[in-house]
Amino acid sequence: MTNQTMTLDFVQQRKPRHALPRELYSDPGVYREDLAQLWHKEWIFAGHTFELEKPGQYLTLQIGDYPIAVVRGTDGELRAFHNSCRHRGSKVCQEASGKAAKLVCPYHKWTFDLDGRLLFAGNMGSDFNTEGYGLKPAHCEVVESYIFVCVAETAPDFEPFREAVTPFIAPHGLEECKVAFESNLIEKGNWKLVFENNRECYHCDGAHPELMNSFVENLSVAGVADNEDPELEAFWDRCEAAGLPSRMAMDETAGQFRMTRIPLSAKAVSYTMDGKPAVSRRLDKSGVENIGALLYFHYPNTWNHFLGDHALSFRVLPLGPDETLVTTKWLVHKDAQEGVDYDLDHLTRVWLSTNDQDRKLVEGTQAGVTSPAYEPGPYSELAENGVCQFDDWYCDTMGRKLGG
């Protein structure tokens, strides 16, 4: 039985409104199909444009089997390349981020321009033609500071997502931001467990005391249902009147992305221990003191939170069937100064704690779903519509791509 046939069989075994079969969280063959059908074919969030402001700045990431480098060229353009030298395959950009006048392979010093062209290859003889040996490009798109990369030969249409998400993010002024702090956490769990954990707050009261100082999950926006909530409607009206799109917008065809704004708990305006702003300089210009938190996700690898004083971007990358890298970046106005406009502990404490708590939950779940005794349980009709929506998207997408 091929990996494709096996994976499709497991996908089709899933009961409606139930968790996934154990093999979808643990089987190496399923993981290979996850990479082949999703991670190697969909748009993957890589980083932010303001991390690569100057020519020669680059960032790297591993998208399944593909090492990728995103580079700012001398012409100001951002380009994504397969981070593999055209000589013998060594990674050209070795660090997570950096800056270079030229991209020089550390192995044999083949030298590439910032646009990927091969400029120099020593000891290859006078008749060696450097043309045709440039770095191989990958697809690269940008929307409101978010850099997305696709390693497929033909990338999906990016425009529907760009058109949907731009009105929501634009008022938060992310192009004027910088990274105040970055966290990289390896979770010993399948990437789907990481995303499932994010898509519900059923566990929050018992697991996230720091987060619950400010965050309140509104069940009207937790899943896909548009339940009437007068207080939420009034909050949306107030924010939208100030130029902040807030009512839920979702990918109607596949459910791959969603944007919505939620109010925070009483008197809280930011994700801090006391609910007070973490940064004195605001990002938006709405004039509304408490704009809550704009939430957006894009499967399979990013969820995000935008507040009045700062924003957080989360990037998920699979490292193996039971290992996932979660990168969190705290974004503040580029002119905000640490120690003057914000205190780093005040800014980061809530989500550093929450991320580590989530890591433990994911790792405990991975250990449990790997057991031969594990049997998928039902989702709560009240508190787990979001995680059910993610599993629906995964099964529908994989079933379609695998010919089910």
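# Close-up views of the predicted model

**View 1. Lysine 401, at 26% relative accessibility, counts as partly exposed.** Here buried means under 20% relative accessible area, exposed over 50%, and partly exposed in between, computed with a 1.4 Å probe on protein chains only. The model is predicted: local features need pLDDT of at least 70 and side-chain atom pairs count only at pLDDT 80 or more, while totals for chains, interfaces and linings use all residues. Residues are numbered from 1 along each chain as its sequence is written, and side-chain values use heavy atoms, with hydrogens and water left out. Glutamate 42 counts as buried at 9% relative accessibility. Lysine 401 forms a salt bridge (a side-chain nitrogen of Lys or Arg within 4 Å of a carboxyl oxygen of Asp or Glu) with glutamate 42, and the closest N and O atoms are 2.4 Å apart. Lysine 401 lies in helix 9 and glutamate 42 in the loop between helix 3 (28-39) and strand 1 (44-48), so the pair ties together parts 359 residues apart in sequence. Helices (H or I, at least four residues) and strands (E, at least two) are DSSP runs, numbered from the N terminus.

**View 2. A salt bridge joins the side chains of arginine 17 and glutamate 381 (3.2 Å, N to O).** This pair links distant parts of the chain, 364 residues apart: arginine 17 is in the loop between helix 1 (3-13) and helix 2 (23-26), and glutamate 381 is in the loop between helix 8 and helix 9. Arginine 17 is partly exposed at 24% relative accessibility, whereas glutamate 381 is exposed, with a relative accessible area of 55%. The search of the whole structure finds 21 salt bridges.

**View 3. The domain assignment of the protein chain gives domain 1 (44-150) and domain 2 (159-400).** The contact between them (heavy atoms within 4.5 Å) takes 17 residues from domain 1 and 24 residues from domain 2. Domain bounds come from an automatic or database domain assignment. The C-alpha centres of domain 1 and domain 2 lie 31 Å apart. Together the two domains bury about 1,700 Å², 58% of it on carbon and sulfur atoms. Phe50, Glu144 and Tyr146 supply 35% of the area that domain 1 buries against domain 2, more than any other three residues. Buried area is the accessible area (1.4 Å probe) that two parts lose on being put together, summed over both. The rule finds two salt bridges across this interface.

**View 4. UniProt lists residues 45-149 for "domain: Rieske" in an unreviewed entry.** UniProt positions are given in the numbering used here, feature names are shortened, and annotations may be inferred rather than shown by experiment. Over residues 45-149 the chain is 0% helix and 42% strand, and the end C-alpha atoms are 6 Å apart.

**View 5. In the largest nonpolar core, of 74 residues, Trp39, Ile68, Val70, Tyr271 and Tyr394 touch the most other members.** Helix 9 (residues 385-401) contributes the largest share of this core, seven residues. At least three core residues come from each of domain 1 (44-150) and domain 2 (159-400). Another core, of 23 residues, lies apart from it, with Trp43, Val143, Phe168 and Ala311 among its members. A nonpolar core is a set of buried Ala, Val, Leu, Ile, Met, Phe, Trp, Tyr and Cys residues joined through side-chain atoms within 4.5 Å.

**View 6. Valine 350 lies in helix 8 (residues 344-369).** Valine 350 counts as buried, at 0% relative accessibility. Its C-alpha atom is separated by 5.7 Å from that of leucine 211, 139 residues apart along the chain. Leaving aside neighbours within four places in sequence, valine 350 is in contact with Glu210, Leu211, Tyr271, Thr272 and Met273.

**View 7. Tyrosine 299 and proline 300 are joined by a cis peptide bond, with omega about 15°.** Proline 300 is found in the loop between strand 14 (293-298) and strand 15 (302-306). Most residues other than glycine have a negative phi, and most peptide bonds are trans.

**View 8. Serine 145 has a positive phi, near 80°, in a residue other than glycine.** Serine 145 lies in the loop between strand 9 (137-143) and strand 10 (146-150) and is buried, with a relative accessible area of 0%. Lysine 109 also has a positive phi, near 65°. Lysine 109 is placed in the loop between strand 6 (103-104) and strand 7 (111-112) and counts as partly exposed at 46% relative accessibility.
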